[in-house]
Amino acid sequence: METAPKLTGDVKDLMLAEEGKRRIQWANQHMPVLQLIRKQFIKEQPLKGIRMSACLHVTSETANLAITLRDGGADVVVCASNPLSTQDDVAACLVKDYNIPTFAIKGEDNATYYAHINAALDHQPQITIDDGADLVTQLLTKRPDLLKNIIGGTEETTTGVIRLRAMAKDGTLKYPVIAVNDAMTKHMFDNRYGTGQSSIDGILRATNLLIAGLKFVVAGYGWCGKGVAMRAKGLGADVIVTEMNPVRALEAVMDGFRVMPMTEAAKIGDVFITVTGNKSILTHEHFEKMKDGAVISNSGHFNVEIDIPALEKLSSSKKPVRPFVEEYTTKDGRKIYLLGEGRLINLAAAEGHPAAVMDMSFANQSLASEYLVKNHAQLKNQVYSVPDAIDRQIAKLKLESMGVTLDKLTPDQEQYLASWSEGT
Ligand SMILES: NC(=O)c1ccc[n+]([C@@H]2O[C@H](COP(=O)([O-])OP(=O)(O)OC[C@H]3O[C@@H](n4cnc5c(N)ncnc54)[C@H](O)[C@@H]3O)[C@@H](O)[C@H]2O)c1
């Protein structure tokens, strides 16, 4: 096996480590499933000697994942999956207290962001962990020499899975990747309840708006959009949904929301949030129609959902008015407020998803990594689902940690469900 160079990391300030440690420990208390996996990993060492590079939002929850992988025997380095999502105290603590090289500084420019991804690749990973597929894209397009070491990868989010499936389709994907996002115990909880709550949290922390009574426009009624709409409604907003998928639009209507095209919603919305995973959702034609004082934000993976260059073009000036709030004055004198530079608002202005939900996402990441080590020889260069047995096991452990018990099928019921002849 090759030896990789010893890396130390690049963080904002190691003096922040103490605060980071307190927050990592706080998150750990709310991650009981990951704690159980960590105990098992310490005993069984399933990742012994495996070099792993993890490109994730560097938060207190991610720190607990990195520690779990390390305790399972892996040699882990971490880099940021978004220039604005890093918690600098957590990054400092990972380096100083846990000896996990971490390359992440909140607010880093694009060049530093990619330098950090490349530093994580210098680790010569055997397993990549991605959130948005930037690490695997960089590896495949700029560092193909590293492919010889790779046994597989995992992907955390919807956008990353979409990119990887496109790669697999045209033959660009050169190693197996497990779509952690597609596990039920991931997207049904993380994307819905995690993004739902934390995106509202980000908007509130940035603006301190009273949500009650506002016209709140949610673009995209997928797993994240459903969560955001549900929580905005709970705070008393009049929620409007925009969609392009008829089934999802119908679901939104039956969930009690008004559905209309963005060209209509743009005229009446007070607050906008895009969560489509698509590009150009809010564009020139929408900014032109918006009311004075409209607030626009994004919680989809990339900062392409809001066409910021178009907003710049339409504006005569801009200035920061609060942390994560930029006031654009349009040439016709209206103010439009852009939150968090159009990047994931829950991570830019708040703390990302609560630990209790990342518990399940990162339990999936840990067990998917173990699965890759055990099964990589049988896997092709494709995108794989998390095995159903892992999904069910995580749901079971989570319920146990919450003190919730289930009914068990009687032998008679099992037989009934397995039979086609009963029913009269
Ligand atoms: N903020 C976070 O922490 C966080 C967490 C998880 C996922 N994400 C990201 O959020 C995005 C959405 O994820 P998801 O799991 O909800 O995906 P999803 O596929 O379940 O939902 C996306 C929805 O957007 C709709 N859509 C696409 N183009 C549209 C358009 N032009 N107008 C209106 N609607 C459109 C689709 O029909 C779909 O219903 C992805 O980029 C994902 O990576 C962010």
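Trainee: How many nonpolar, polar and charged residues are in the lining of the second largest pocket?
Mentor: This is a predicted model, in which local features need pLDDT of at least 70 and side-chain atom pairs pLDDT 80 or more, while totals for chains, interfaces and linings use all residues. Residues are numbered from 1 along each chain as its sequence is written, and side-chain values use heavy atoms, without hydrogens and water. A pocket is an open set of 1 Å grid points where a 1.4 Å probe fits, with protein on both sides within 12 Å along at least five of seven lines, and lining residues have an atom within 4 Å of a point. Arg392, Lys396 and Glu400 are among the lining residues here, and by class (Asp, Glu, Lys and Arg count as charged; Gly counts as polar) the lining has four nonpolar, one polar and five charged residues.

Trainee: Which pocket holds the ligand?
Mentor: The second largest pocket has a volume of about 310 Å³, and about 960 Å³ of space lies in the largest pocket; volume is the space filled by probe spheres set on the points. The ligand sits (more than half of its atoms within 2 Å of the grid points) in the largest pocket.

Trainee: Which helix gives the most residues to the lining of the largest pocket?
Mentor: The lining has 48 residues, with Thr158 and Cys224 among those nearest the pocket centre. Helices are DSSP runs (H or I, at least four residues), and H3, H7, H8, H9, H14 and H15 each supply at least two lining residues. With five residues, the top contributor is H8.

Trainee: How many charged residues does the shell around the ligand have?
Mentor: The ligand is surrounded by 26 residues, each with a heavy atom within 4 Å of it. H7 (158–169), H8 (184–207) and H9 (223–234) each supply at least two of the shell residues. By class, the shell has 17 polar and seven nonpolar residues, and its charged residues number two.

Trainee: How far is a polar side-chain atom of Thr159 from an oxygen atom of the ligand?
Mentor: Polar contacts are pairs of N or O atoms within 3.5 Å. A backbone atom of Ser299 lies 2.8 Å from a ligand nitrogen, and the side chain of Thr158 places an N or O atom 2.7 Å from a ligand oxygen. For the side chain of Thr159, the distance to a ligand oxygen is 2.5 Å.

Technical notes: A polar contact is a pair of N or O atoms within 3.5 Å; within protein, one must be able to donate a hydrogen and the other to accept it, and residues adjacent in sequence count only if both atoms are side-chain atoms.
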